[in-house]
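Biologist: I have a model open and would like to learn how to read it. Can we go through a few features in turn?

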Amino acid sequence: KIPSIHPNAFSITAENYTIQNEDYIIELENNFITFTLYNKSGYNHDYSIEINSFNEMFENFSTVVQVDAYSNEQISFEIQNTDINNGSINLNIWPIHNEYAKKELIYTIFKNSILGDINNDNSIDVLDIVIIVNNILNNINDSSGDINNDNSIDVLDIVLLINIILS
């Protein structure tokens with residue numbers, strides 16, 4: 001063991017994590033985000049963890065987690081505002097006595113939802129169509145209504161949603 005590098009011997013993973021267009025994406029299930037912190041050094045460490053939300057999807061949060069040598073710990077955070085379908089968080093993590101080893105990660109967070117379920121009631125029906133029509137008429141750009149992912153909410157999205165309902 002080389003004591004001068006052991007604080008850097010840690011990593012963190014996120015459940016449902018992917019990389020899309022150089023963005024770090026996490027899809028949420030059950031309104032929780034879960035990370036696993038791995039201590040790959042031969043020493044027990046206390047890690048400081050900070051979560052800063054760029055919107056009100058999550059509450060800003062900080063804690064200290066102890067991870068034994070060659071072990072791991074799961075850390076879960078719950079969504080604070082379930083009306084928000086996506087957002088971003090900044091995750092900072094470092095061994096408590098070695099801030100120079102800080103890792104700063106930014107993740108885009110998406111709630112796992114049903115395509116076309118605009119009102120998040122777990123069913124696709126005429127109410128979802130009404131919401132998209134109202135959003136179009138009132139120039140509200142809610143990305144959950146962009147069924148064809150063309151970065152525009154328009155009549156094509158309504159037609160696709162009708163086809164989803166009829167199929």
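This is a predicted model: local features need pLDDT of at least 70, side-chain atom pairs count only at pLDDT 80 or more; totals for chains, interfaces and linings use all residues.

Biologist: Which residues have the most contacts inside the largest nonpolar core?

Modeller: The general idea is that in soluble globular proteins, nonpolar side chains tend to be buried together. Here the largest nonpolar core has 25 residues, and Ile 33, Phe 35, Phe 58 and Ile 109 have the most contacts inside it. At least two residues of this core come from each of the strands β1 (10-14), β3 (23-28), β4 (32-39), β5 (45-53), β6 (61-67), β7 (71-78), β8 (86-95) and β9 (103-111).

Biologist: What does Phe 58 touch, not counting residues up to four places away in sequence?

Modeller: Its partners are Leu 28, Ile 33, Ser 53, Phe 77, Glu 78, Ile 79, Gln 80, Ile 89 and Ile 109.

Biologist: Which residues does the second, separate core include?

Modeller: That core has seven residues, among them Ile 132, Ile 153, Ile 158 and Leu 161.

Biologist: Is Thr 34 buried or exposed?

Modeller: Buried means under 20% relative accessible area. Thr 34, in strand β4, has 11% relative accessibility, so Thr 34 counts as buried.

Biologist: With which side chain does the side chain of Thr 34 make a polar contact?

Modeller: With that of Ser 76, at 2.9 Å. Beyond the neighbours within four places in sequence, Thr 34 is in contact with Thr 13, Ala 14, Glu 15, Gln 74, Ile 75 and Ser 76.

Biologist: Which residues form a nonpolar patch on the surface?

Modeller: Tyr 17, Ile 19 and Tyr 24 do, and together they have about 290 Å² of accessible area. Tyr 17 sits in strand β2 (residues 17-20). Its relative accessible area is 33%, so Tyr 17 is classed as partly exposed.

Biologist: Where is Asn 139 found?

Modeller: In the loop between α1 (126-137) and α2 (155-166). Phi of Asn 139 is near 55 degrees, again a positive value in a residue other than glycine. With a relative accessible area of 72%, Asn 139 is exposed.

Terms used: Residues are numbered from 1 along each chain as its sequence is written. Side-chain values use heavy atoms; hydrogens and water are left out. Patches are made of residues with over 30% relative accessible area and no salt bridge: like charges are joined within 9 Å, nonpolar side chains (Val, Leu, Ile, Met, Phe, Trp, Tyr) within 5 Å. Accessible areas come from the Shrake-Rupley method with a 1.4 Å probe; for residues, only the protein chains shown count as cover. A salt bridge is a side-chain nitrogen of Lys or Arg within 4 Å of a carboxyl oxygen of Asp or Glu. Helices (H or I, at least four residues) and strands (E, at least two) are DSSP runs, numbered from the N terminus. Buried means under 20% relative accessible area, exposed over 50%, partly exposed in between (1.4 Å probe, protein chains only). A nonpolar core is a set of buried Ala, Val, Leu, Ile, Met, Phe, Trp, Tyr and Cys residues joined through side-chain atoms within 4.5 Å. Contact means heavy atoms within 4.5 Å. A polar contact is a pair of N or O atoms within 3.5 Å; within protein, one must be able to donate a hydrogen and the other to accept it, and residues adjacent in sequence count only if both atoms are side-chain atoms.
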